[in-house]
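What follows is what I looked up, in the order I looked it up.

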Amino acid sequence: MIRLCSMYNLDVHVYYIAGKAKFIGELLAPVAPFDQKSGREAWTVAFAPNGSYVAWSQGHRIVRLIPWTKCLKDFSVGHGGEGTNASSPRHLSCQNSNRGQVIPAAGEPREHTIDCGDIVWGLAFGSSVPEKQSRCVNIEWHRFKFGQDQLLLATGLNNGRIKIWDVYTGKLLLNLMDHTDIVRDLTFAPDGSLMLVSASRDKTLRVWDLKDDGNMVKVLRGHQNWVYCSAFSPDSSILCSVGAGKAVFLWNMDKYKLIRKLEGHHNDVVSCEFSPDGALLATASYDTRVIVWDHHKATILLELGHLFPPPSPIFAGGANDRWVRSVSFCPDGRHIASITDDRLVRFWSIEERAPQAIASLSNGLCCAFSAEGSVLAAGTRDGSVHFWECPRSIASLQHMCRMALRRVMTTQQVETLAIPTPLRDYLTYKVI
């Protein structure tokens, strides 16, 4: 109770109560004497779904790909993210991260520096499942045959192009040209189909089928302004998109139709992500809030505020230095991270309404959890990436059972079960 009450007195009280997140290291972008700040931003950081690589846009057309196990080793942390030298986190420069002429052993992932030819805004990893067929029919010939062991990286550029790269070789495979403005965000369907969705400042989302040599399948129209971010549900059936507007869009990706709009934010919505079980949707907005939704019922389950008391709707668009830039759901389904203009990274538990841990970060722009969920990476305006350990605790058997059930059942399906009301409320996250 003290934790909750202190939130609403003085903002600073939260920071004495919340723990401090453990900083484990950073990757620094090289800086030339003539380098200008504009164009150096790390707009996106991403982890490969198989845990093999971390990638980020370090500014000035450059994307850096580094084997994740190498990062963990250089940061003196184990594969589970547990630090062994917490008092002295590593600060690595990308100029010398290859350590001279050290050549990886055969079969080991290699580092790559990719020059994309223009400023990079969006990044996404995609991997193929061979038995997952292309949605296009009557296809007898393909230029590319994507195998099960292939890992792709999609990059969205300032000129509206999307370039597809082979992660293991660093070679350019495809150049997709149809957007007429900046490609702000990219996301692959998690089912291994290599369906790619791009969100652009040209007010559209475009669906691409990489198993059909990058054929554009559909244009999703509905946003009246820039589209900032999109995210697939874990079963790939629903797409969420957000942008320069207060509404959150939900799309049926089997029919490519708009399902509904979620109303509740008071300013532009800039980031979105589904929980690992697909039951929850987190959205971040310039209105200083992260909202956790039951998107099946279009209801708000939880509001994570970054300014107390929260601004009224009429003032939510002001320059209050608490704009939320990015939100990410931890793979454990219990933690959420947010990046805000007040120079803080917050780790939230869905079971509480106050930050569980915080960390300092100037000019943060984006964040993402590692595949196993033990580390959070955050990109900044100077092109660097910072890493922290995620707060850890043993998940209850109840929570694990809830996640297993919600992966296959919607809220409406759970509500039809002949079970006690308290259990139904728990399974539908009404009692978080």
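Entry 1, a strand pair. I started with strand E5 (residues 62-67) and E7, which run antiparallel and are joined by 4 bridges. I took strands as DSSP runs of E of at least two residues and helices as runs of H or I of at least four residues, numbered from the N terminus. Two strands count as paired if DSSP finds at least two bridges between them. Val 63 has Ile 114 in E7 as its bridge partner.

The model is predicted, so I note the limits: local features need pLDDT of at least 70, side-chain atom pairs count only at pLDDT 80 or more, and totals for chains, interfaces and linings use all residues. Residues are numbered from 1 along each chain as its sequence is written, and side-chain values use heavy atoms, with hydrogens and water left out.

I count a salt bridge when a side-chain nitrogen of Lys or Arg is within 4 Å of a carboxyl oxygen of Asp or Glu. Arg 64 forms one with Glu 111, and the closest N and O atoms are 2.8 Å apart. Arg 64 lies in strand E5 and Glu 111 in the loop between strand E6 (90-93) and E7, so the pair ties together parts that are 47 residues apart in sequence. Both Arg 64 and Glu 111 are buried.

Entry 4, helix H3. Asp 74 and Lys 70 meet through their side chains in a salt bridge, 2.8 Å from N to O. Both residues lie in helix H3 (residues 68-74), 4 residues apart, which is about one turn of the helix. Asp 74 is buried at a relative accessible area of 7%, whereas Lys 70 counts as partly exposed at 24%. I then checked how the pairs relate: Arg 64, Lys 70, Asp 74 and Glu 111 are linked in a network of salt bridges.

Arg 289 forms a salt bridge with Glu 303, with 3.0 Å between the closest N and O atoms. This pair links distant parts of the chain, with Arg 289 in strand E22 (residues 289-294) and Glu 303 in strand E23 (residues 299-305), 14 residues apart. Arg 289 counts as buried at 8% relative accessibility, and Glu 303 as partly exposed at 38%. The count for the protein comes to 15 salt bridges.

I looked up a sheet of 5 strands with mixed pairing, in the order E1-E27-E26-E25-E24. Its edge strands, each pairing on one side only, are strand E1 (19-20) and strand E24 (324-329). Strand E25 (residues 335-340) and strand E26 (residues 344-349) run antiparallel and are joined by 6 bridges. Ala 337 stands opposite Phe 347 in E26.

The protein has 6 helices and 30 strands. Of its 432 residues, 56% count as buried.

How values were computed. Buried < 20%, exposed > 50% of the residue type's maximum accessible area, 1.4 Å probe, protein only.
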